[in-house]
Amino acid sequence: MSNHEEYRNDADCGHEDTRDQVQVRSSEETDTSRRRFVKGVTLTGLAAIGLSSHAAASHAYTEYDDEYRTVVNVAEAGADTTGQKSITPVLESLRADNTLLYFPPGQYAMDSQFRFTGFERFGVVGNDATLVPADYHDFDGPRYRLFRLGTQNNPGKHLRFEGFTVDQTAPDTGIRAIEAWASDRLEVRDVHVRGQHDSGTWGPGLFNVVDPDGTGLVENFRAPDGGAWVENTPNAGNNWRGPIGIEANHTEGTLTFRRCMLGAFPSNGLYACGGSGQIIVHGGLYRNSNPVNLRIGGTDSIIRWPTVEIDETRTQDGSQRGIRLESGSVRVKGAAVRISSPMPTSHGITVMNSCTSARIEDTKIEISGDRINHGIVVSPSAAETVISNTEIQHATSGGYPLWIRGSDSNDRVLCEYLTVTGEAGDAAGFRDGIRCERNNCRFDVCTVDQSSRPGASRNALVNTGDDNTVYYGTYRASKYPFVEVGTDTLYMRADAESYDGDREAICLYDQSSNVALKRNRLVNGIKDYGSDGLVDWENSFQ
């Protein structure tokens, strides 16, 4: 199955959670007798708005009838539909609260920003409508946005924007299609950005819900062609790196990104951290962005069922991490991360120091290539982290499939039903399947198989921390299944065997002390370089 097939089929994957969906209906029913239709727009005509091949409205237009006092057909109000004349002056004349602007099929040129802030209710809906931004040289005024709807200090209350293609296939085009700040409800659906963002200005979307009780949904926002590095654009020297795909850095409410798609951007794909709200990423495809494809934080945020793929690296790319968790409590569920073009430090998933809690479950990470790279990296000061029912396939020249980095923290890292496989090398000394440098960690029913490339040598689990536990599980390695340098470690009911037929199952160095080995199968026994206080109880060595 191709990545695009996975992306399309996500709608039918059975993991929907209706609690995340933003309600379409307002709790305040608008008096239909007060509604007026401008320039002859009829209910019959409005009901015709539906799905198109590339930027389809996901709800029948008539569902919106009772939500707006005024509905305006922008073409009938004078907006050019051939793409020859900018429509911004027409939109400025139509700007009003409690209004929905309807764009019928056509091409709509824009050479300056449309701004509207502080509104109670405003909507912009297209039906097979294409927005055509002017190029960098001809755009009038600040070259930042097509639509600026609300600001951080003066947000709109309820905003809807949906059903548009943004055509930036011409040279030196690429602009933020929509910047949206809402306090109560934000709904953005079915926006397709075509062409590489090669002007060097801000990336295609910014969305924030600023009220803690507010909700937002960004659904099917697609910019698969990514963005150029700023040094290769007419805006060189005026921006750092280049555009971000989607930015959401001040959300205090709940904001959901459902089935979005982003290509290679130079300054993050989806950047949704910085606020204290809840970020939900559901499904979607995120590819080849620098330095991170999904960078998520917040309170009780969740990333579920996305596909993250790194299979192309540009000259300027310094790292291309799959998922980065930071600034709060974040859970990853059912992610698929595939990295076949790794740059150094392009980890599959990183748990940053600023995480107050993290959980990674039902996730699969596949990493291959001829560079050193790591699977999951838990940073030294990250708080409690759980890794459950997760598989890491690691086949690079070196690196740790799981690296729990050292610190003085006693916040637990718990691994349960973790599977680590793959043939890797041992470049630069990164030759362990799991490297645990932290105290108070636990490994329950894990499987680690570290066969290696010819001439290489791999260990299954190396522990340098204190008060750690290995309980049940199967450990195989081309060198040692277990290497112990810590204090007060308990190994119980584990099965460990080296692929080197004469090598012991566990190597204890003289820095280790009070290690307890109880009821394990340790093929070929114990290699002890002077461990102090070793407990060897009812172990099997066959």
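**Entry 1: Aspartate 317**

I began with the contacts of aspartate 317, counting heavy atoms within 4.5 Å as contact. Leaving out residues up to four places away in sequence, aspartate 317 touches Trp229, Asn290 and Met343. I noted at once that this is a predicted model: local features need pLDDT of at least 70, side-chain atom pairs count only at pLDDT 80 or more, and totals for chains, interfaces and linings use all residues. Residues are numbered from 1 along each chain as its sequence is written, and side-chain values use heavy atoms, with hydrogens and water left out.

Next I looked up where aspartate 317 sits. It is in the loop between strand E20 (307-310) and strand E21 (321-333). Helices (H or I, at least four residues) and strands (E, at least two) are DSSP runs, numbered from the N terminus.

Is aspartate 317 buried or exposed? It counts as buried because its relative accessibility is 3%. Buried means under 20% relative accessible area, exposed means over 50%, and partly exposed lies in between (1.4 Å probe, protein chains only).

I then checked its polar contacts. A polar contact is a pair of N or O atoms within 3.5 Å; within protein, one must be able to donate a hydrogen and the other to accept it, and residues adjacent in sequence count only if both atoms are side-chain atoms. The side chain of aspartate 317 reaches the backbone nitrogen of arginine 314 at 2.7 Å.

I moved to histidine 374. This residue lies in the loop between strand E25 (364-368) and strand E26 (376-378). Histidine 374 counts as buried because its relative accessibility is 6%. Its side chain reaches the backbone nitrogen of tyrosine 400 at 2.9 Å. Beyond its neighbours within four places in sequence, histidine 374 has contacts that include Ser346, His347, Tyr400, Trp403 and Phe430.

Tyrosine 400 came up again when I looked at arginine 431. Arginine 431 touches Tyr400, Asp426, Ser457, Arg458 and Asn459, not counting residues up to four places away in sequence. The C-alpha atoms of arginine 431 and tyrosine 400 are separated by 6.6 Å, although the two residues are 31 residues apart along the chain. I found arginine 431 in the loop between E29 and strand E30 (432-436). At 28% relative accessibility, arginine 431 counts as partly exposed.

**Entry 2: Salt bridges**

I used this rule: a salt bridge is a side-chain nitrogen of Lys or Arg within 4 Å of a carboxyl oxygen of Asp or Glu. How many salt bridges does the rule give? The count comes to 36.

I looked at one pair, arginine 295 and glutamate 326, whose closest N and O atoms are 2.6 Å apart. The pair links distant parts of the chain: arginine 295 is in strand E19 (residues 292-304) and glutamate 326 is in strand E21, 31 residues apart. Both arginine 295 and glutamate 326 are buried.

I also looked at arginine 503 and aspartate 500, whose side chains meet in a salt bridge (3.4 Å, N to O). Arginine 503 is partly exposed, with a relative accessible area of 23%. Aspartate 500 is partly exposed too, at 30%.

Then I took glutamate 538 and arginine 519. Their salt bridge has its closest N and O atoms 2.8 Å apart. Glutamate 538 lies in the segment after strand E43 (535-537) and arginine 519 in the loop between strand E40 (516-518) and strand E41 (521-522), so the pair ties together parts 19 residues apart in sequence. Arginine 519 is partly exposed, at 33% relative accessible area.

Salt bridges that share partners join Glu67, Arg160, Glu162, Arg185, Glu187, Arg189, Glu219 and Arg259.

**Entry 3: Cysteines**

I searched the whole structure for disulfides (pairs of cysteine sulfur atoms within 2.5 Å). The search finds zero. Cysteine 446 counts as buried, at 0% relative accessibility. Cysteine 260 also counts as buried, at 0%.

**Entry 4: The whole chain**

I finished with totals. The protein chain has three helices and 43 strands. Of its 542 residues, 59% count as buried. Among contacts with a separation of 6 or more, 72% join residues 24 or more positions apart.
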